[in-house]
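Below is a short note for a colleague who is meeting this structure for the first time. The points are numbered so that each can be checked against the structure in turn.

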Amino acid sequence: RGALRPGLARVIGGGLIMLALLSAWFVSSSPFVLVLGIYVAISAAYTLRLKREPVIELAAVASGFLLRAIAGGVATHIPLSSWFLAVASFGALFVVTGKRLGEYLRLGNVRGRHREVLDSYSVQFLRSALILTASVTMTTYCLWAFEKGGQVADAGHHLVWIQLSVVPIVLGVLHLLRLVEAGLVDAPEDLAFRDHTLQALGALWITLLTL
């Protein structure tokens, strides 16, 4: 934004990155440092080049959400199931695609000034991508919920409530699709803090998982 001189910003940014990696080494483990290193590398590549590459930029941004979740599991030494990684991956891609569609619809002909890559998309493509990622997200979650050997079932929870947790997930995704399609939001992740319907569905989901 021009608030700092570029040279000063590079020095401060580089110093903070090194501090973060060193802190990760001391408080956790080398795998945690590796995850943070990958996050830094993808973020740098996105800033320098990937943000101008259609589709690839969607995956790059989504990977940031996924890597944060992985970092949490690695730092706390909690095993991450393949189902968790699948749902988190496509869920993140769904959120990012929804954000791009929202920006596309809201900004109209000036979209390229805000984000250059938007001129490389069409509204039909973004809508198709949104439906595709939403479908895969819900499918992978359903497969996890109905897998009797899932980790949550092994922890002693009653399986029927885990299966019913599919309901708020599907309703939440449909709710987001409606809002994005209507041009009412261009950052789906922000809705968690201000959308009461989404908050209620989230509370129901947590309740079902803890019964």
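1. Ala44 lies in helix α2, which covers residues 30–48; helices here are DSSP runs of H or I with at least four residues, strands are runs of E with at least two, and both are numbered from the N terminus. At 36% relative accessibility, Ala44 counts as partly exposed, given that buried means under 20% relative accessible area, exposed means over 50% and partly exposed lies in between, with a 1.4 Å probe and protein chains only. Between the C-alpha atoms of Ala44 and Thr197, which are 153 residues apart along the chain, the separation is 36 Å.

2. Please keep in mind that this is a predicted model, in which local features need pLDDT of at least 70 and side-chain atom pairs count only at pLDDT 80 or more, while totals for chains, interfaces and linings use all residues. Residues are numbered from 1 along each chain as its sequence is written, and side-chain values use heavy atoms, with hydrogens and water left out.

3. As for the chain as a whole, the protein chain contains 10 helices and 0 strands, and its C-alpha trace spans about 55 × 50 × 25 Å along its principal axes. Of its 211 residues, 35% count as buried. Among the contacts (heavy atoms within 4.5 Å) with a separation of 6 or more, 63% are accounted for by residues 24 or more positions apart.

4. Where is His77 found? His77 sits in the loop between α3 and α4, and at 59% relative accessibility His77 counts as exposed. Setting aside residues up to four places away in sequence, His77 touches Ser28 and Ser29; the C-alpha atoms of His77 and Ser29 are 9.4 Å apart in space, although the two residues are 48 apart in sequence.

5. The two helices on either side of that loop also pack against each other: α3 and α4 meet at an angle of about 135°, with their axes 8 Å apart, where axes are lines fitted to C-alpha atoms, for helices over the stretch in contact, and angles run from 0 to 180 degrees between N-to-C directions. That angle makes α3 oblique to α4, because angles under 35 degrees count as roughly parallel, over 145 as roughly antiparallel, 65 to 115 as roughly perpendicular and the rest as oblique. Residues making the contact include Phe65 and Ile70 of α3 and Phe84 and Arg100 of α4.

6. The largest nonpolar core has 25 residues, and those touching the most other members are Phe94, Leu101, Tyr121, Leu130, Val173, Leu177 and Leu191; such a core is a set of buried Ala, Val, Leu, Ile, Met, Phe, Trp, Tyr and Cys residues joined through side-chain atoms within 4.5 Å. At least two residues of this core come from each of α3 (56–75), α4 (82–107), α6 (123–145) and α9 (166–181), and α4 gives the most, with 7 residues. A second, separate core of 9 residues includes Ala24, Val33, Val35 and Ile70.

7. Helix α9 has 16 residues and reaches 23 Å from its first C-alpha to its last, close to the 22 Å expected at 1.5 Å a residue, the expected span being 1.5 Å times one less than the number of residues. Its buried residues include Val173, Leu176, Leu177 and Leu179, and just after α9, Gly183 takes a positive phi of about 70°. Leaving aside neighbours within four places in sequence, Leu191 is in contact with Leu176, Leu179, Val185 and Leu198.
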